[in-house]
Amino acid sequence: MELERKYVTLSKQKGHAVSQVTLEEDLNVPDQKPDIFRIVHRQGEFCPDEIKGEAGKVKVRGIFHYRILYIGEGAGHMPELLEGSIPVDEVVFLNDLEEGDQVDFRWSQEDLHASAIHSRKANMKTILTLSVEAMKEQPVPLVEIPEAEEDLYVRTCPQKLQQEVIHKKDTIRIREDLNLPPGRPNIHRILWKEVRVQGTEVRPEEGKFIVKGELLVFFLYESEDEEKRLQWIEQGIPFRNEVACEECRADLTGKTEITLSKAELELQSDFDGEPRNVRVDVVLDLCMRYFEDLTCEVLADAYSLSREILPVIQACAWTSVVQIADSRTRLSGRIRLSENDAPILQVLTSGMQIHEEYAEKTEKGLLIQGNVEVWVLCATEDDAQPVTCVQQTFPFEHTVEIQNGEQAADWQIFLCQDQLLVAMLDSRELEMKAVLQVQVMFTRTETLQVVEHLEEQPLDMERVRGLPGMVIHVVQPEETLWDIAKNHGCACESVRKLNELKDDNLKAGSKLLLVKEITGKQN
């Protein structure tokens, strides 16, 4: 029997896999740079070049870039920069992955260490965590009400579904010029840079996304004057960008992950030809997933009084997003310098790395535990060590409220910095206050029973002869008028008229008079 079909695209999570890679490299100090007196700070990020999903595995290729800030030997003990990179070519195995599945990739690093082997060689070591998640978009045919046909009775039911209308990656580029404040000496060379993203917000609108947040830009530089003094600048750059997306609407629900993929600082001359301008060039990667809720009236069952109608049903598993929670948690603490650290003159800049350690569903919600590794770059009173970096790890615990706790079977957690403030209490103690953004996507797996088509067969005459011509039927609990009419070979409308029913609602224990209408005629 020919049926009209409406296709919807349902998303199914195929699996998740994590792989860890240990990276280590020795780096020689270039001839033009001074010997290493003391290593102060380190920084690293992974830049993926290719994420390729194949049957049962995901190939990850890219480069891990790292930077080491050290104090040089000699007069002035000026900070210096060492840079290196390590190629990464790894395979993350995911058994359920098939070609054509969508793959989302994330990375994080742990235990980034830099040490001096001797005065002309440094060592860098870190653990790189590669995380992949596979999803399959499957078009599902939903049979709507068939065209009117003689002696065909159909039952439809509303089906609530969730269609993923946006699953895409995009980028935004931010270019701004920073000018030195009056009174600051000209820039001879930039020694160190830090660029971080905080306070982000993404809002879907008609045909576009609005992406807002702040870039926190910091750099150390050597002045151009005779003293070659150490200077620094930290400045926030608010941004608001529009990302075009034809499918975007304001009523969609979902989330956008924002990661910093590129941050470059380039020294330029101002209008007077003086080296007082720094061009900031930043690229942010966006991974967007948004859904719409649908209610479709679809075919659930059918029967005839002149032939057998057999609905052919297929089960389709799909992943439903139950809730997307966006919350904040605060933490604070104090950082005490060790006896070997020089007294602090001023806090220059600070940053953090957030690590999720444990998550458990409780009566109050989803309990998330982890730690925050805070580092603070400071100017000191010691001329032999003008800058130092102090670090301390703070634990955190946060409970995310679950609106439909019994429905949320799985979750994905996304943690990022919202705010960070470090202030001096005295020359040997700092106070840290931070706000973390906690986003959680709660999901569950559902099964949809889809009527693919209706098969026709001649009547089962033995079944027809076994049906009583007239009977008083006692309604059983959860029994429907449709079930009763279909099983006794009569039309629902005939049962309603014969028993003077106002609607299809039946009360368990009530009695219905049923008259067989099935003709016994075979097609």
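**View 1. E356 stands opposite G370 in β15.** This is a predicted model, so local features need pLDDT of at least 70 and side-chain atom pairs count only at pLDDT 80 or more, while totals for chains, interfaces and linings use all residues. Residues are numbered from 1 along each chain as its sequence is written, and side-chain values use heavy atoms, with hydrogens and water left out. Strand β14 (residues 344-361) and strand β15 (residues 366-380) run antiparallel and are joined by 15 bridges. Two strands pair if DSSP finds at least two bridges between them; strands (E, at least two residues) and helices (H or I, at least four) are DSSP runs, numbered from the N terminus. The two strands make a hairpin with four residues between them, and G365 in the turn has a positive phi of about 145°.

**View 2. K14 sits in strand β1 (residues 5-28).** K14 counts as buried at 15% relative accessibility; buried means under 20% relative accessible area, exposed over 50%, and partly exposed in between (1.4 Å probe, protein chains only). Not counting residues up to four places away in sequence, K14 touches D96, E98, D101, A134, M135 and K136, where contact means heavy atoms within 4.5 Å. Look for the K14 side chain reaching the backbone oxygen of D96 at 3.1 Å.

**View 3. E274 lies in the loop between β11 (253-268) and β12 (277-303).** E274 is partly exposed, at 33% relative accessibility. Its side chain makes a polar contact with the side chain of N186 (2.6 Å). A polar contact is a pair of N or O atoms within 3.5 Å; within protein, one must be able to donate a hydrogen and the other to accept it, and residues adjacent in sequence count only if both atoms are side-chain atoms. E274 and I187 are 87 residues apart in sequence, but 8.7 Å apart in space, C-alpha to C-alpha.

**View 4. E45 and R67 meet in a salt bridge (2.7 Å, N to O).** The pair links distant parts of the chain, with E45 in strand β2 (residues 36-54) and R67 in strand β3 (residues 57-72), 22 residues apart. A salt bridge here is a side-chain nitrogen of Lys or Arg within 4 Å of a carboxyl oxygen of Asp or Glu. R67 is buried, with a relative accessible area of 9%, whereas E45 is partly exposed at 22%. The structure holds 43 salt bridges.

**View 5. R175 forms a salt bridge with D281.** The closest N and O atoms are 3.7 Å apart. R175 lies in strand β7 (residues 153-179) and D281 in strand β12, so the pair ties together parts that are 106 residues apart in sequence. D281 is buried, with a relative accessible area of 9%.

**View 6. D418 and R328 meet through their side chains in a salt bridge (3.7 Å, N to O).** D418 belongs to strand β17 (residues 410-426) and R328 to strand β13 (residues 308-336), so this pair ties together parts that are 90 residues apart in sequence. D418 is buried at 11% relative accessible area, while R328 is partly exposed at 38%.

**View 7. E478 has a positive phi, near 65°, without being a glycine.** Most residues other than glycine have a negative phi. E478 is in the loop between β19 (470-474) and α2 (481-487), and counts as exposed at 80% relative accessibility.
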